[in-house]
Amino acid sequence: MKLRSRDDQDISARTIDHPVILDGITRTYSSKAGKVHALRGVTHTFAPSSFTAVMGPSGSGKSTLLQCAAGLDRPTSGRVRVGGVDLAGLSEVGLTRLRRDTMGFVFQSYNLLPALTAHDNVALPLRLAGAAPGRSTVRQVLARVGLAELHHRRPSELSGGQQQRVSIARALVSRPHVVFADEPTGALDRSTGRQVLELLRSTVDTEGLTVVMVTHDPVAASYADSVLFLEDGQVVGNLVGADGAQIAAHMSELER
Ligand SMILES: Nc1ncnc2c1ncn2[C@@H]1O[C@H](COP(=O)(O)OP(=O)(O)OP(=O)(O)O)[C@@H](O)[C@H]1O
Ligand SMILES: [Mg+2]
């Protein structure tokens, strides 16, 4: 399918192998108590086929950064470009379409629909896009996350780690270029979390996906190629190829 933005650019031809670029983005929330500057000018490029962890103290702007990068929220100023397309130039419909066709999302709380089986939860994005998902496509993605046998179970009949793997399958089913994950292992024990991290790692290594993952856990962050550190809405560091101990040391430096 050819995707077109409002000014009729051909998006689909340019999204593959293109980075997610944040260019001086700010996000200011207005509340009764005054203005909150959640992001204060973040510039960063998430390279294609890279795995980046985003870390920082609570309230430093990690979720806001992810939401802006994914087009779920619009920055107050600055630009976000995904696959060469400036998100500000897209209508809501164009943005929805770009998200649907190029991005996947994984949340800490899974966000699965309780009444649907694993199979139907995974099929949902395709159905919402108006496609009749082939049973084999959905089965393949469930097999990819190690859940081929459990396709008929509802979320309440699955463990936390299994539910998170269903949500990763749901993110992968539309063959996105980028997966954004906000604390995907936050609710999981260490060994279950490790399976989820290995899965994300292998989507980068074997399928060339770009993964951007918010985490509080230095060990989780060590699965990434690099770690972007935020503090008070600004980028304050970037570690490449660091292990868990180095990442933990950097975090405690920031928290001092
Ligand atoms: N809808 C909103 N309205 C007002 N302020 C908000 C809103 N969403 C976030 N904020 C504020 O923006 C700042 C950044 O929030 P954000 O959720 O991005 O932080 P975070 O780094 O993800 O934190 P955590 O680690 O606790 O999830 C915080 O001060 C937060 O209170
Ligand atoms: Mg958050």
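Helices (H or I, at least four residues) and strands (E, at least two) are DSSP runs, numbered from the N terminus. The structure is a predicted model, in which local features need pLDDT of at least 70 and side-chain atom pairs count only at pLDDT 80 or more, while totals for chains, interfaces and linings use all residues. Residues are numbered from 1 along each chain as its sequence is written, chains are lettered from A and ligands numbered from 1 in the order in which they are written, and side-chain values use heavy atoms, with hydrogens and water left out.

The shell around ligand 1 consists of 13 residues, each with a heavy atom within 4 Å of the ligand. Ser58, Gly59, Lys62, Ser63 and Thr64 are the closest. By class, four of the shell residues are nonpolar, seven polar and two charged; Ala, Val, Leu, Ile, Met, Phe, Trp, Tyr, Cys and Pro count as nonpolar, Asp, Glu, Lys and Arg as charged, and the others, Gly among them, as polar. Ligand 1 taken alone exposes 640 Å², of which the protein buries 61% (Shrake-Rupley method, 1.4 Å probe). Two or more shell residues come from each of β2 (34-46) and α2 (62-69), and α2 gives the largest share, three residues.

Helix α2 is largely enclosed by the rest of the structure, because six of its eight residues are buried (under 20% relative accessible area, 1.4 Å probe, protein chains only). These are Lys62, Thr64, Leu65, Leu66, Cys68 and Ala69. Just after α2, Gly71 has a positive phi of about 70 degrees.

Beyond its neighbours within four places in sequence, Ile168 is in contact (heavy atoms within 4.5 Å) with Val106, Val145, Val196, Leu199 and Leu200.

Asn121, in helix α4 (residues 118-128), is buried, with a relative accessible area of 1%. A polar side-chain atom of Asn121 lies 3.1 Å from the backbone oxygen of Leu116. Not counting residues up to four places away in sequence, Asn121 touches Leu112, Leu113, Leu116, Pro155, Val166 and Arg170.

Technical notes. Buried means under 20% relative accessible area, exposed over 50%, partly exposed in between (1.4 Å probe, protein chains only). A polar contact is a pair of N or O atoms within 3.5 Å; within protein, one must be able to donate a hydrogen and the other to accept it, and residues adjacent in sequence count only if both atoms are side-chain atoms.
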